[in-house]
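Me: I would like to learn how to read pockets and cavities in a protein model. Could you walk me through one?

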Amino acid sequence: MMEHPENDEKYIGLTVNSGVAQPPSVNPYLHRRPRRKPMPTVSELVEGILRGDITTLSRAVTLVESQNSDHQSVAQEVIEKCLPFSGNSRRIGITGVPGAGKSTSIDVFGLHVLRNGGKLAVLAIDPSSEITKGSILGDKTRMEKLAVHPDAFVRPSPSAGSLGGVARKTRETIVLCEAAGFNNIFVETVGVGQSETAVHSMVDFFLLIQLAGTGDELQGIKRGIMEMADGIIINKADGDNIDRARLAQAQFRSALHLFPPTPSGWTPEVLTYSGYYGLGIDEVWNMIDRYFDFVKANGYFERRRADQARYWMFETINETLRSHFFNNPTVKSHLAENEAAVLANRMTPFMAASSVLDSYYNNLAKNS
Ligand code: GDP
């Protein structure tokens, strides 16, 4: 008897079929797509923006924010071509400490603006990323209603670079948004540092969101920020917080009396509202309407925009010179040496500075 009958050719008791063939692991009908879309040309971008196409606008803003020099040169050309179509908007800066209710309020104010037949872009300047490597404004799901509204364009803060650089990108993005037909621009910033000054230098109206606090709220904010405000609005005036909000309103009003008159001739107003419950929103917006009527009538609106354009020109020169200087390899090596000498008391800070500057100028002369 055979030990393994199944091996016998004549054996039919058990056969192994070859089975169903496996399909190929790669779909042969799927053509490989190029991984990235080719970069659109300047005229494609400009055309798309002027048509109000949000996807094109987003792509152009990405180029504005890019550090890549090719992207930058395309971006600059696009901005220049969009410039004649820009300017026709209300630019409103909104600031407040974290938790003041900026996102809740912007959502509500934004819907108010959109209900009245506008288009709204919400931009942000968040310098916190530079210091903390995180972002105060960007992490949460913010402005939920605006984020899905077809007439709203919500863009988080550009992240890379110095505050000056980040602010310049936002300033340039305003031009693109306006050319795309956005006639309301909100620029949000977090009220913790220098960023208010940057926002103030690119908006027509500066709104400060405050909270009623424990009585020391006036000490908590920097005087400079209050001086910049065209309107102060006290949020969370709801429930049993209403009385405290009114008290804070009175305190802010009397504090504002101590400030010198504003260059616009406008007297900043203090109002209470509740972003969460939607109370007092019309009043806040009426104030802003009145401000625009006032500054358009007295010529301040145009003057402020002209001053801002001049400011950005000089700011860009400063920023460019600074980065050229500090990125120069000769400067980098001299800087470290001279800094050590200053710290060891071997050199005065002024001598050290002038020696580093000399090395920079000599290096420029050699390379020219
Ligand atoms: P942001 O950090 O300034 O953007 O502040 P948020 O908009 O995220 O608001 C911070 C917290 O305050 C959230 O828990 C909101 O729900 C709450 N909040 C915002 N507005 C109001 C308001 O009008 N009334 C009350 N009671 N709470 C509010």
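Predicted model: local features only at pLDDT ≥ 70, side-chain atom pairs only at ≥ 80, totals over all residues.

Me: What is the volume of the largest pocket, and which residues lie nearest its centre?

Reply: Its volume is about 600 Å³. The lining counts 28 residues, and Glu227, Ala229, Asp230, Thr262 and Pro263 lie nearest the centre. By class, that lining has 13 nonpolar, 9 polar and 6 charged residues.

Me: How do I read the second largest pocket?

Reply: About 410 Å³ of space lies in the second largest pocket. Its lining has 17 residues, with Ile79, Leu83, Arg171, Glu172 and Val175 nearest the centre. Two or more lining residues come from each of α3 (69-82), α7 and α13. Again α13 gives the most, this time 6 residues. The classes here are 6 nonpolar, 5 polar and 6 charged.

Me: How many cavities of 30 Å³ or more does the structure hold?

Reply: A cavity is a space where the probe fits but cannot get out, whereas a pocket is open. The structure holds 2 cavities of 30 Å³ or more. The largest has about 40 Å³ of space, and its lining includes Glu65, Arg155 and Lys169. Among the elements, α7 (163-179) gives the most to that lining, with 3 residues.

Me: Which residues line the second largest cavity?

Reply: Gly164, Arg168, Trp312, Glu315, Thr316 and Glu319 do. The elements giving two or more of these are α7 and α13 (300-326), and α13 gives the most, with 4 residues. By class, the lining divides into 1 nonpolar, 2 polar and 3 charged residues.

Me: That helix keeps coming back. What should I check about its length and its buried residues?

Reply: For length, compare the expected span with the distance between the end C-alpha atoms. At 1.5 Å a residue, the 27 residues of α13 should span 39 Å, and the 38 Å between its end C-alpha atoms agrees with that. In α13, the buried residues are Tyr300, Phe301, Arg304, Arg305, Gln308, Trp312 and Phe325. Trp312 also lines the second largest cavity.

How values were computed. Residues numbered from 1 in each chain as written. Heavy atoms only, no water. 1 Å grid on protein atoms, 1.4 Å probe; cavity = no way out; pocket = protein on both sides within 12 Å on 5 of 7 lines; lining within 4 Å. Points joined across faces, edges and corners; volume = space filled by probe spheres on them. Nonpolar A, V, L, I, M, F, W, Y, C, P; charged D, E, K, R; others polar. Expected span 1.5 Å × (residues − 1). Buried < 20%, exposed > 50% of the residue type's maximum accessible area, 1.4 Å probe, protein only.
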